[in-house]
Amino acid sequence: MNSILQCLLNAPLFSEYFMAGNHKKERNPKAKGVADSFYDLLAKVRSHEGEGSSAENPSKFKSAIERFNSMFYGYDQHDAQELLKAALEAINDDVNRVTTKPKYKELTVDPRKSIQETSEEWFSYMLGRDNSIVTDLFCGQL
């Protein structure tokens, strides 16, 4: 968990988004509180800047992740990539700018369209369902 939190807490644009309070402005009505708990942890960590070494207990953030994904209940060891994916997915859900997702549709390849056209169509469809700071910064990274 520590390595993932270090990465997320030190991602400049991601942490600036939270410190500016944008997560509150873009909070989805169905938010589960993961974005808020991440902000709380980030604010605590930032309050210690310049004081040398200090540590913060991420238990509230971990509890929020547990509520989002029961796989993380308890203290079993998990792959860091699994936690990163779950954390980003939970934060994405909390601050998703899309409040009403369009009906799911199966995307197919039209051989008459170029790869670029197909890619743009699929990306546009994805943004119609998931559009947040997470997609802005991390889309395609996992």
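Buried means under 20% relative accessible area. The legends below apply to a predicted model.

**View 1. The aromatic cluster.** Ring pairs join F14, Y17, F18, F38, F61 and F138 into a cluster. The count of aromatic pairs comes to 6. A pair of aromatic rings is described by the distance of the centres and the angle of the planes.

**View 2. The ring pair F14 and F38.** The pair is tilted, because the ring centres of F14 and F38 are 5.4 Å apart and the planes stand at 45 degrees, whereas only angles over 60 degrees count as edge-to-face. F14 belongs to helix α2 (residues 12-19) and F38 to helix α4 (residues 34-47), so that the pair links distant parts of the chain, 24 residues apart. Both F14 and F38 are buried.

**View 3. The ring pair F18 and F38.** With centres 4.9 Å apart and planes at 65 degrees, the rings of F18 and F38 are edge-to-face. F18 is in helix α2 and F38 in helix α4, so this pair ties together parts 20 residues apart in sequence. F18 is buried, as is F38.

**View 4. K62 over the ring of Y75.** K62 lies over the face of Y75. The distance from K62 to the ring centre is 4.8 Å.

View 5. D40 is a residue of helix α4. D40 counts as partly exposed because its relative accessibility is 39%, a value between the 20% limit for buried and the 50% limit for exposed. The C-alpha atoms of D40 and K60 are 8.7 Å apart, and the two residues are separated by 20 residues along the chain.

Note on methods: Residues are numbered from 1 along each chain as its sequence is written. This is a predicted model: local features need pLDDT of at least 70, side-chain atom pairs count only at pLDDT 80 or more; totals for chains, interfaces and linings use all residues. Side-chain values use heavy atoms; hydrogens and water are left out. Rings of Phe, Tyr and Trp (its six-membered ring) pair if their centres lie within 6.5 Å; planes under 30 degrees apart count as stacked, over 60 as edge-to-face and the rest as tilted. Helices (H or I, at least four residues) and strands (E, at least two) are DSSP runs, numbered from the N terminus. Buried means under 20% relative accessible area, exposed over 50%, partly exposed in between (1.4 Å probe, protein chains only). A charge sits over a ring if NZ of Lys or CZ of Arg is within 6 Å of the ring centre and within 35 degrees of the ring normal.
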